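Let's walk through this model together, one piece at a time. Have the viewer open as you read.

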Amino acid sequence: MTVIETEPPVAATGDLSGEAYRVAMRRWLRANLPASFRSDSAAFSPPTLPQSIAWEAAMYRAGLAGIIWPQAYGGHGRTLREHLIANQEIGALAMPESVNSIGKELAGPIILAVGTEEQKRRFLPAILEMRDIWCQGFSEPEAGSDLAGLRTRATRSGDIWRINGQKIWTSGAYRAQRCLVLARTGPLEDRHRGLAMFAVRLDAKGVRVRPIKSIDGRESFCEVFFDDVEVLQSDALGAPDEGWAAAIRVLEIERATNRMYRAWRFENELRHLIAACKSDPVLAQLVAERHYEVRLGEVVVDIEVLKAHVETAVDALVNGDRIGARGSLAKLHWSEAHQRFAALTLELLAQASLPLQPAVQVARRRFEAIYLQARAETIYAGTTEIQLGIIADRILQLSKGK
Amino acid sequence: MTLTGEGLQPSEFAVTAARAVADCADLSLREQARHLANDGLLGVIAAHDVGGLDLPLALAVPVVAAAGAGLLGFPLMEALLLGRALQESLPRTAEAVVSGEMLATIAWQGSVSAAREGDSVVLNGWVARAACTREADCLLVRIGTSGAALVSTNSNGIVVEDAAGLDLAVPEHAVRMEGVTIPAANILPENTWSVLCSDANVLRAAAILGSAETCLTLAQEHASTRRQFGRALSYNQAIRHALARQKLGLEGIRHAITRSVGDEAGALQRDAAFLAAGVYGSAISEGALQIHGGMGFTWDVPVHRHLRRVRALQAQGDASGVLAALGRRYVGAIAPASDVTASR
């Protein structure tokens, strides 16, 4: 495994709070994030998997992962406000996405909510230490947005479950150790009832992973086939009929809190775009014209509104309020605003003068990738149409009746 | 309930304000002023010395939102801001505004020139977007690029033009000033004016929030009860998604306002709240009009009156100019990229 030389965690960060905590996190990130990881740097070179694992493990040791998880399971036992502060600092730097976000932001919180004590002790530290990378086995060919159509089956005999079926759009399955599999224990007619969750080892006999080449030319998501895969009862998460309902409650909060750094990363991208434009004589002139002042101003307002969604949701959670389906609002706003911004970056950078300035080349490389990735943002984690449906059904509670 | 005590919650302000606004429906402007003052609503942010409650701007937000929701035909935002802006230099006037004895307004567009003559200042120029000036006792006008002047509307040389603007309940006036002489003491410093403008952006956003919330409620109600093709309109996904987008916008306004009055908020957050309110508020009220169909154009349904108000507030706060200036400041504050690392 690649070793990333990082400074040891800041001494006694456990005692820090508020601004002192922010400063400590900022200082550590800026001192330790390798230039080659920074997509706004000329030295950028996408990290290899071992490099990503080493970096994320170092982030965890520095207090930047598992922030609100209990210390008994390897977490740092901090508050949601500190989670917000850390994410603001993470977002402010052009850092690669986590290779284990499913472990940290989906599987982990679900295990915390429905897992047994043994499962919490076994799975959670392994996620934070990056020994186990997780992927998400929810979607299927016949069950994309509509998980009630799920066909993968789990049948039990004694302490052994047998899983048969197929998952698709499973991001990162080729590099994962565990898959959070949603499978049906009852008949298809049960729809949302009879769904159970399992922590399936991807090296288990009968698991086959087939990568799919995607929009960015890379093989990021996969099909995963399960052919009579044996899973021990100790790897079943929650009771068969209750697990999914519990997971839904967790996911409701998760949708509002996961990838909390997004608003600040968005701001980092906007600042990078403007800085790159100002290094080019033609673009510098363009961004000083009223047309682009207004267009960039609109992006600033979008980002401020996004921050407002995130910060007020954190306040609500800290005050013990139920936030219900509010996460759908932030996700919907972010994904659409980010797509508008991504299109603007292409439009601006296409007008650069020749020969291309080095800073413009760096920006083009970053923003062309962001533009393509952004097209997925209105699809994954619940499409725009699904989010609008959730808002109409659950927040507005509009009548569907005749 | 009358707002006089300490420790009041925003929700209490909202309830008191909503009731007071409803009571104002058939009253003259002066009666409204006294009525609102009696409930403590004109002095929410003004100092105790001038009869105010001396509370932070955040607590004026539910009051102005309730006024927006109820289509109050009174320049409430102006009274709130002037009660505080005048409390240092013209405390008696501030007190009269807070107590509802004096009707005061602000010209949000244009500026006048000011020439000092002994203890007096002579003003010349054009201002506009001044709510209810025809009936107001005094008017705050911008001087050139620094400071503002409080002018008595019965001064010689003042000509109030006919009402104009989309909002019929709160008509806006343009005012011509030809050699209007005022005491030098009526000049307010630049800082007072800039704070007032910045706070006005938050309160405009609050007024738009009230209007937008009402429009969405009306649209939702109409979509649930109006039947076409044998079903409620809300059965249709096109209608459901349209309403969901309106809700997204509404919560965006609400949270942006909350953020703009937070401890760490500055000019950027206040401008953003106003700009977001203008964009989403227009979309929500226009969307509500669309969902109401022909009914939305009648005087029986208040949706178009909210739309008129939202658009008037957006123009009054010079949303386009504020947006361009925000973009200019943001771009201007960022250094060109070196070829090693860029942002921050």
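This is a predicted model: local features need pLDDT of at least 70, side-chain atom pairs count only at pLDDT 80 or more; totals for chains, interfaces and linings use all residues.

Residues are numbered from 1 along each chain as its sequence is written, while chains are lettered from A and ligands numbered from 1 in the order in which they are written.

Start with chain B, which splits into domain 1 (1–102), domain 2 (104–188) and domain 3 (191–332); such bounds come from an automatic or database domain assignment. The C-alpha centres of domains 1 and 2 of chain B sit 22 Å apart. Where these two meet, 14 residues of domain 1 of chain B contact 15 residues of domain 2 of chain B, a contact being two C-beta atoms, placed from the backbone, within 7 Å.

On the domain 1 side, α4 (76–85) and α5 (91–98) of chain B each bring at least two residues. Helices here are DSSP runs (H or I, at least four residues), numbered from the N terminus. The top contributor is α4(B), with four residues.

Now hop to chain A, where helix α2 (residues 49–61) has 13 residues. Its buried residues include A:I53, A:W55 and A:M59, buried meaning 20 or more other C-beta atoms, placed from the backbone, within 10 Å of a residue's own. Among the elements covering them are α1 (18–32) and α5 (117–128) of chain A. After α2(A) comes A:G63, with a positive phi near 100 degrees.

Technical notes: The expected span of a helix is 1.5 Å times one less than its number of residues. A residue is buried if 20 or more other C-beta atoms lie within 10 Å of its own, exposed if 12 or fewer, and partly exposed in between; C-beta atoms are placed from the backbone.
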